[in-house]
Amino acid sequence: MTQSSSQSRASRQYSHQYPPNPYRQSHPAPYYRVPAPSLVGTFCLLIGISVAYGLYPSGETPTDMARFTAISTGIAFLLSVLVDSKKGLHNLLRTDLLCIFAIYGLTLAEFLFPQDDFNNRIDVEGITHALNAVLLGMTGLTIGRHFVTNKLVRPGRLSLQDVSINTLFRVVVICALFGYLYMLISVHFNPVTLINQMLAPRFSQPWSRGRLGGWASLLTELTLLSYAIPPIVGVIWNRRHHFPKAKMLIVLAIFALVIFQGFASGTRNIFITHIATFLMGYLITLPKNTFKNTVLPIIATILISGFASYHMLEFREIGLRNYIAYQSYASNKPRDTFAVDYNLASIAPLINTFPERHPFLGSEVLVWSLVRPIPRALWPGKPEGLTVSIEELAGADGWTVAATYLGESYMMAGWFGILGVSLFLGALAAWWNRMAIKAQSDYTLVIYALGFFAAGITMRSLFWLTTAILPIIALMVFRKARLVR
């Protein structure tokens, strides 16, 4: 079958489901093309990973070893992106690329800058184990994304009928009302108190959740609906000329509140998630992706994320109000480098512990990942966590430690666990990419953008996957049950 006949069949397949679109008629091929990695791009990335594996042992210090790895894999990733972009910029709006970029950012990106203090946190043996885990994970993600074919998804499975712009407005309002309901209850529906509490140090707010939770946690789970707002606003921004001005102002006000709350919380993954899903909702619904409307916004988002992350690390313990009032940002002791979390130093002790001093946790990791979003009020006997925590193994006292999904996968089944989970997540990302064709409805593309949130935060912790997909399930239930039309 020729390519033109295949595209024609795809056009007939979707014509009954989506309204006529001028872009569809003038650009039929990209409109129905599933974004997918090229074999050449994958080859470039695997070569870079191999070079890093052979190069980093020549480093004299842990920082040097990590820097060699960061440079080699970073160049290879950029080359693979450049190769994949030859199919069009729309081909870069992929979940698998986000996964690889996220794990690179969580583990290696900070070593593009000087990190002298890192040498005091880990020895050569530890950094060797941690870097091997990262390279193995990146290899699994890179190969796993080819396990799923890039065929058009069947209507009715990962596609939902379109909705009116008024419905998009209603969904934003509904998500805002339920997403901030518990916060408003905790401040007696006083908006001034709400903003003041957002400016306070994190975890000091009256809506902060306890370690185990209770009946009130049922309401706090509704805050996940606020994560659906940025991607919807990204879509609405492309449709802003069809929106009444009053409704557009309400949408922008709600979006500003979401972004402000994410920034003031001092939690970088929340803030970056919001701006990333907004960006994806905007990019994926553009009639045509160009350098100006696609690449420049991506660069701006990366710069904003870096700038915001730097300051969020500074004020999250004292609160944004005190940070501004005391002008701490203008102190004489600014940090002279950029650091994320030193996740390599968290991965290393896990590899040193299992299985010599503690048996692998096996299915316990998967079970906890599945049951984590179930409220304790509905299941009082729900486990409190793993039998041995990452914080306990890392020697952390009073703070949480993130070892990324790589460390958690190693706790489950060692090196085979890292490879197996990485292959699965790579394949899952490629399967999700099938939603990213422009022929999909705006509502479906919002859900695809939310998948970016789930993919990115899963790279930080495997235990967040089932929680992160709850907003996706909620929006799909809303549409399937015709609660929104």
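Two residues are in contact when they have heavy atoms within 4.5 Å of each other. With that in hand, let's work through some exercises on this predicted model, where local features need pLDDT of at least 70, side-chain atom pairs count only at pLDDT 80 or more, and totals for chains, interfaces and linings use all residues. Residues are numbered from 1 along each chain as its sequence is written, and side-chain values use heavy atoms, with hydrogens and water left out.

**Exercise 1. The whole protein**

Work out what share of the contacts between residues at least 6 apart in sequence join residues at least 24 apart, then describe the secondary structure and the burial.

Step 1. Among those contacts, 78% join residues at least 24 apart.

Step 2. Now the secondary structure: there are 23 helices and zero strands. Helices (H or I, at least four residues) and strands (E, at least two) are DSSP runs, numbered from the N terminus.

Step 3. Of the 485 residues, 51% are buried, where buried means under 20% relative accessible area, exposed over 50%, and partly exposed in between (1.4 Å probe, protein chains only).

**Exercise 2. α21 and its partner α20**

Find how helix α20 (residues 404-433) and helix α21 (residues 442-460) are arranged.

Step 1. Start with the geometry: two packed helices are described by the angle between their axes and the distance between the axes. Axes are lines fitted to C-alpha atoms, for helices over the stretch in contact, and angles run from 0 to 180 degrees between N-to-C directions.

Step 2. The axes of α20 and α21 come within 11 Å and cross at roughly 165 degrees. The two helices are therefore roughly antiparallel (angles under 35 degrees count as roughly parallel, over 145 as roughly antiparallel, 65 to 115 as roughly perpendicular and the rest as oblique).

Step 3. Look at who touches whom: α20 brings Thr404, Tyr405, Leu425, Trp432 and Asn433, while α21 brings Ile447, Tyr448, Gly451, Thr458, Met459 and Arg460.

Step 4. Sort the residues of this contact by class, and you get six nonpolar, four polar and one charged. Here Ala, Val, Leu, Ile, Met, Phe, Trp, Tyr, Cys and Pro count as nonpolar, Asp, Glu, Lys and Arg as charged, and the others, Gly among them, as polar.

**Exercise 3. α21 and α14**

Describe how helix α14 (residues 268-284) packs with α21.

Step 1. The axes of α14 and α21 are 9 Å apart, at an angle of about 145 degrees.

Step 2. On the α14 side, the contact includes Asn269, Thr273 and Thr277; on the α21 side, Phe452, Phe453 and Ile457 are among the residues involved.

Step 3. By class, the contact of α14 with α21 has eight nonpolar, four polar and one charged residues.
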